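Trainee: Please take a close look at a single part of this model, the place where the two chains meet. Then set it beside the charged pairs and the packing elsewhere.

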Amino acid sequence: MEAMLKKFQQKYNKVKDNMSQWEDLQTRFVSHFRNASSIIHRFPVLQDSNNFGCLKSYHALPDKLLRKQMDSLQTIIMSMKLTLDEFSNVVGSLDKIVRDSRQLIKGASHQQLHQTIGVKPSLTYCIEGLQTLHDMHQSEYRLKSSLFTAFCHLTFKPNSDDLGALQQLLVDQPNIYKEEVDSIYNIVFPEDH
Amino acid sequence: METPEKLSFQRLSVASPSTPQSSSSTRLWRPAAQRNLRNQWSKLAACRQRWASASSNGRSQATSLINAYLSQIYMPAMKLGVLSDFPDIKEKALRKFFKQQELQRRKLLITYKDLVTIVLDMIDISRSMRCYSKGATGSPLAQFSNCSDSTADAGDGGGIPVFRNWNIPQFELLADELIQMFKMELDIKRRLVVELLSISSENSPVANAVTWSSELYPGESEDLSRCILDSTVTNQIPKSNLQCSINKTTKVDGEAVSKAMEVYLTVWLSEVNLDTDRLDEIFNLTGLEIQVNLK
């Protein structure tokens, strides 16, 4: 039992690594999103050549500038797509951890699965916790995918309210409950408290 | 500002007197030419870095300058709440913003001068790619330099490949191509600088507003005649910016001004004339040819 719990704790540490990788991806994704939004916001201003003052008739500058901004936007969107794939990899890796853990307890008796010693959690709890962490991130990944698709559509007919709403959802990560994550970790690592 | 040093190389000659294209003089010329090219291209790559950092400084200076300027425009209409009880608070704030604008003008000017210097350095470098034999033919000491002694020697080793495939003119061609981009970009930057230096609010006109034809710093015309003004770009420089400049309209329209400023900053940031992919390609290809990483 004791040994088995140790093994689960190792799994949870792995999940923690995955989650911190997720955080890095999140930071990157949000910053891409912000940059892309500000380019999109700028488009109407750049499309009106009256805003160019003295540079209006300079070597087709308005056109060149618009094209260059389009290119940057495209590059950012490509990076967002890549980041999204990395999110998906994290979910895949969480999924593998859950599957491996289920493998670990194969053949354990009902009693072993539900037994708790002192403050230590039962094996069932450990498995369910891992599953919950995986599910949160999977839902969040799906949300991000849809947000990304919605965002790509918006680039052609921008509406600043919609962009703002998307950004808010993106930052909030409504499927990941920080408190729940913390409480799972508190129960699995009772000795840390 | 550094000028490319006059390089000279010495090799002990083991060959008997020969014509410049003979195999023995080629054997001596090639290592000298290789060293020179590696040196010059590394400097070009460094210039690109210097440009990037100067341009980014300029961008933040331009941003601060614009913010200080816009604050002056908006200040009179601003509701300051309890602060309005302070005597002369708006006047004081205006003076402060004006001072900030002046400070950023000076900084931006220095940055602009840096950009000019970088382009001038690039031009000097591109003109130092050849490697000329020095001294008397047949002397046991073969020397090379990158300034020409005689008209007979083109400094290109008779057009042979210096490393594997490219001869000197090919290296020069690529250098010219990339320098052309920077020249064009410098031209745009100058326009932006002129615009940014000449914006002023109605209340506090900038002391010495500049126009297209003004020298932005002492000696600028001379510098420009070496880079921008020798290209076709010059033909389009308007005589004066009076008729199109946004700040010269009868009434300052805050929204129009801030839109124009947004455009200016985007123009500064975007560097439309620097084709990043092509620049990377030029440095990558050249780096492969001369076996130096030019990143």
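Mentor: In this predicted model, chain A and chain B bury about 1,800 Å² between them, and carbon and sulfur atoms give 68% of that area. Three residues, Cys54(A), Tyr58(A) and Lys68(A), supply 34% of the area that chain A buries against chain B, more than any other three residues. The contact draws on 16 residues of chain A and 26 residues of chain B.

As for polar links, 5 residue pairs are in polar contact between chain A and chain B, counting pairs with both residues at pLDDT 80 or more. The interface also has 1 salt bridge. In a salt bridge between Arg42(A) and Glu262(B), the closest N and O atoms are 3.9 Å apart; the cut-off for such a pair is 4 Å. On the side of chain A that touches chain B, helices α1 (2-47) and α2 (61-104) of chain A each supply at least two residues. The largest share of that side, 5 residues, comes from α2(A).

Side chains of opposite charge can pair when their charged atoms come close. Over all chains, the structure holds 20 salt bridges. One of them joins Lys96(A) to Asp100(A), with 3.0 Å between the closest N and O atoms. Both residues lie in helix α2 of chain A, 4 residues apart, about one turn of the helix. Lys96(A) has a relative accessible area of 43% and is therefore partly exposed. Asp100(A), at 29%, is also partly exposed.

Lys144(A) and Glu140(A) are both buried.

In chain B, the side chains of Glu177(B) and Arg278(B) meet in a salt bridge at 2.6 Å, N to O. Glu177(B) belongs to helix α3 (residues 168-198) of chain B and Arg278(B) to helix α6 (residues 276-290) of chain B, so the pair ties together parts that are 101 residues apart in sequence. Glu177(B) is partly exposed at 31% relative accessible area, and Arg278(B) is partly exposed at 22%. Through shared partners, salt bridges join Glu177(B), Arg278(B) and Glu281(B) into one network.

Now the nonpolar packing. The largest nonpolar core has 122 residues, and those touching the most other members are Tyr12(A), Phe151(A), Trp41(B), Leu44(B), Phe171(B) and Leu178(B). Leaving aside residues up to four places away in sequence, Phe151(A) touches Phe33(A), Ala36(A), Ser37(A), Ile40(A), Ile77(A), Met80(A), Leu163(A) and Leu166(A).

On the cysteines, a search of the whole structure finds 0 disulfides over all chains. Cys152(A) is partly exposed, at 22% relative accessibility, whereas Cys47(B) has a relative accessible area of 2% and is therefore buried.

Last, one residue in helix α1 (residues 23-74) of chain B is Thr63(B). Its side chain reaches the backbone oxygen of Arg59(B) at 2.7 Å. With 27% relative accessibility, Thr63(B) counts as partly exposed. The C-alpha atoms of Thr63(B) and Phe144(B) are 49 Å apart, for residues 81 places apart along the chain.

Methods. Residues numbered from 1 in each chain as written. Chains lettered and ligands numbered in written order. Predicted model: local features only at pLDDT ≥ 70, side-chain atom pairs only at ≥ 80, totals over all residues. Heavy atoms only, no water. Core = buried A, V, L, I, M, F, W, Y, C linked by side-chain atoms within 4.5 Å. Buried < 20%, exposed > 50% of the residue type's maximum accessible area, 1.4 Å probe, protein only. Contact = heavy atoms within 4.5 Å. Polar contact = N/O pair within 3.5 Å; in protein donor to acceptor, adjacent residues only side chain to side chain. Disulfide = S-S within 2.5 Å. Buried area = accessible area lost by both parts, 1.4 Å probe.
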